[in-house]
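Please work through each task before reading its solution.

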Amino acid sequence: MKVQIDKDRCQGHGRCYDLAPKVFGDDEEGYGQVLGDGSVPPDLAHDAQLAVSNCPESAIDVLEEA
Amino acid sequence: MTTPEVQKDDRFSEEILGRRQDGALLGKRNAIVTGPVSDWATDFSHLEPEWAADPYPIQDELRQRCPVARTDRFGGGWLPTRYEDVAAVAYDTENFTSRSVIMSNFRPPKEIEPIGTVPPISSDPPFHHDARKLLLPAFTKTNVAKLEPATRAFCHSLIDSFDGADVVDAAHDYAQHIPMRVIADMLGFPLEDGPQFREFVENALEGVNLPTEERIAKMSKLGEYILAQIHDHLANPRDDLTTYLLNAEMYGQKLDPFVVTGAIALLLIAGIDTTWSAIGASLWHLAKTPKDRERLVSEQELLPTAMEEFLRAYGPVTMARLVKHDMNWRGIDMKAEDWVLLSFPAANRDPEQFDRADEVVIDREVNKHAAFGLGIHRCVGSHLARMELRVALEVWLQRIPKFSLADADAVTWAAGQVRGPRTLPLRIG
């Protein structure tokens, strides 16, 4: 699985780094960012999927399905 | 050696601020209409007791019937009730301005755009982005985490103060104090000023249908308080948000004094009764729902998920916009200066968006609620609010795992755009 955040849509709700803190982090203004290149190891795929489905702005794009 | 000269900051003279304040009062007033609503689809008012007591059946009915209700009260306005419509308005800053976000009987003059009275919540692009950027760093999850130990200790001290009582008012004696304390600490205001904050909040948000002059007189108390705090901070700078805003720059200059006082007013008002309401509504739900309370006591790890569900089902905050120009919006003829009441709580209960929308499902895993708004005005304090709500509930459930409503009929709810319990007698003994 591979994810990326659409910077134009992200408003810094922070649901992604709440729900999948090993996949996403916050920048100094609280906007979400992927850690590393956005590749999600299989054991974190569930967390990442939760982040995707809970983002109020639908700002996380799934580039490759798990 | 010479002592560095303290630069005089003359932005905050009473004369300058007074002149600006007079300008802001040149807006448009309309006749105040109160009393029972004849038909919620054509005469809605979020200030009537029926709405305060239980707005959800009203919103559910409107969502099926209209789904956008209207009113001639407040000089005219609209109330979308579907998630899709609420989201569309929140995202559309071309057709809707945030110049005033409290639907009242007074529209401030257009000239205050794009800053508005309490930036950045009242600001429109592109100014909004720059004003918001000043506040964001202080409110990141990482930075608010630093306030968690003190918040936790404070919650414990509040429960210590119950001192063996059988019945306590969880809204008055617990929920309200937590955000007051946290925001006073962040702004560097005296911690004992909390009770005054309560008065400011009630004046700003609940006094909406008072005669405009009376409302302005009450609001000016907040202005005077903030100005006194600013002068104190200018004389004694310290490491807090007020000093930060006094020194902050935008476009190469120190901030306009109205941006400083407006932002402080916003933090003080918006930071308090919103979180107070969320904490109170969550405790109210748990007090009347023993199975959810027992489950959260035994499965503490479920609390972050449950908390999001409380935010969805009992989201405290409704915003407002003004229509920028005459237009046909989704089949509705809207006029320039009509209000739009932006009910995130109604959006959060739209069955098109949520399964079992009218039920509180504390283990709801997928919960794309809009309690903190959508789009560029996402609540700047959302990470702070979530920290306070989580800590307040964790401490309460640890210390008081068994509690119930002492008198369901004695519970009162705030009327207006921030809804939550204001009286909440709970039996804890």
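**Exercise 1.** State which residues of helix 9 of chain B are buried, and what follows for the helix.

*Solution.* The buried residues are B:His177, B:Ile178, B:Pro179, B:Met180, B:Arg181, B:Val182, B:Ile183, B:Ala184, B:Met186 and B:Leu187. Here buried means that 20 or more other C-beta atoms, placed from the backbone, lie within 10 Å of the residue's own; helices are DSSP runs (H or I, at least four residues) and strands are runs of E, at least two, numbered from the N terminus. Thus 10 of the 11 residues of this helix (177–187) are buried, so it is largely enclosed by the rest of the structure. Just after helix 9 of chain B, B:Gly188 has a positive phi of about 75°.

The model is predicted: local features need pLDDT of at least 70, side-chain atom pairs count only at pLDDT 80 or more, and totals for chains, interfaces and linings use all residues. Residues are numbered from 1 along each chain as its sequence is written, with chains lettered from A and ligands numbered from 1 in the order in which they are written.

**Exercise 2.** Identify the contacts of B:Ala392, leaving aside neighbours within four places in sequence.

*Solution.* B:Ala392 is in contact (C-beta atoms, placed from the backbone, within 7 Å) with B:Cys155, B:Ala175, B:Ile178 and B:Ile279.

**Exercise 3.** Determine the strand order of the open sheet in chain B, and its edges.

*Solution.* The order is 6-16-13, with antiparallel pairing; a pair requires at least two DSSP bridges. Strands 6 (167–169) and 13 (404–405) of chain B each have a single partner strand, so one side of each lacks a neighbour in the sheet. Strand 6 is joined to strand 16 (residues 425–427) of chain B by 3 bridges, and B:Val168 stands opposite B:Leu426.

Conventions. Two residues are in contact if their C-beta atoms, placed from the backbone, lie within 7 Å. A residue is buried if 20 or more other C-beta atoms lie within 10 Å of its own, exposed if 12 or fewer, and partly exposed in between; C-beta atoms are placed from the backbone.
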